[in-house]
Every structure is written in C-alpha cells, then in structure tokens.
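Subject: Structure handover

Hello,

Here is the structure I promised to pass on. Please open it first, then read the notes below it.

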Amino acid sequence: SNIKIPEVPVVTAFSLTGANPDAKLLEEKTRTIEEGEKMMAEKDKLIQEKEVKIEQERKRTEQEKQKNGLLSKKLESTQEELMKTQIKYQKEIEKLEKENKELRKQLLLRGQQASATK
C-alpha cells in the first residue's frame, strides 16, 4: 500500500520570465501595487500626525477657554469691588460735605453773634 505520487515541477510566473510578456506585466503590476501601498502608508502616517496636532490644538483651546473664564470671573469680581468702594467713598464725600456745610453755618452764626455783641 505504498502509492507513489509522481513529482510535478513547481512553475511560478517568475520562472517563466524569459520571453513571457505576462510575467513582465505581473512584475510591473506587483511593483505598482507595492508603490501604492507605500504611498497609502505614508498618507496614513500624515493623517495620524495631523490628528495628533488637531488634538493638541483642541486641548490648548480648551485650556485657553478655561483660563479666559477664570479671568472673566476675576475681572467681574474686581469691578464689583471697585463699584462698592466708589459708592463707599461717594457716601463719605457726601457726609463730609454735609458736615462742612454745618460747620460753615455754625461759623457764620458765631460771626454774627460776635458782631452783634460788639
């Protein structure tokens, strides 16, 4: 039960390169495919690099937004504080003006009394 299978020589397209135009065409197509794959790989790499840059820019933009938000809040609270201070000083000025007016009246009255007694 020892069956012998006859050996068949392996034939590839490249072993027929001699005068076979199909082999050259196949070789050319293979080279074109390889070049295309290489170009696609380069394109993919560029796309990945751009995506990384976009993500970095997105993060930077988000940080700037947060920073601007904090600065806006700080500005707002500083403006409120300034307004409160201005109101406080305005009231103080009004109080001093009223006091000044009263003192002038008193001085006038004393002056009138002093000249009346002379």
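The side chains of E102 and K105 meet in a salt bridge, with N and O 4.0 Å apart. Both residues sit in helix α1. They are three residues apart there, so about one helical turn separates them. E102 is partly exposed, at 39% relative accessible area. K105 is partly exposed too, at 46%. Partly exposed covers the range between the buried limit, under 20%, and the exposed limit, over 50%.

Please keep in mind that this is a predicted model.

How many salt bridges does the structure hold? The count is three. Here are the other pairs.

E57 pairs with R60. The closest N and O atoms of this salt bridge are 2.6 Å apart. E57 and R60 are three residues apart in helix α1, so they too lie about one helical turn from each other. E57 has a relative accessibility of 40%, so it counts as partly exposed. R60 comes out at 42%, which means that R60 is partly exposed as well.

E55 pairs with R58. Here the closest N and O atoms are 2.8 Å apart. Again the spacing is three residues within helix α1, so E55 and R58 are separated by about one helical turn. E55 has 33% relative accessibility and is therefore partly exposed.

Why can such pairs form at all? Side chains of opposite charge can pair when their charged atoms come close.

Now the chain as a whole.

Best wishes

Note on methods: Residues numbered from 1 in each chain as written. Predicted model: local features only at pLDDT ≥ 70, side-chain atom pairs only at ≥ 80, totals over all residues. Heavy atoms only, no water. Helix = DSSP H or I, 4+ residues; strand = E, 2+ residues; numbered from the N terminus. Buried < 20%, exposed > 50% of the residue type's maximum accessible area, 1.4 Å probe, protein only.
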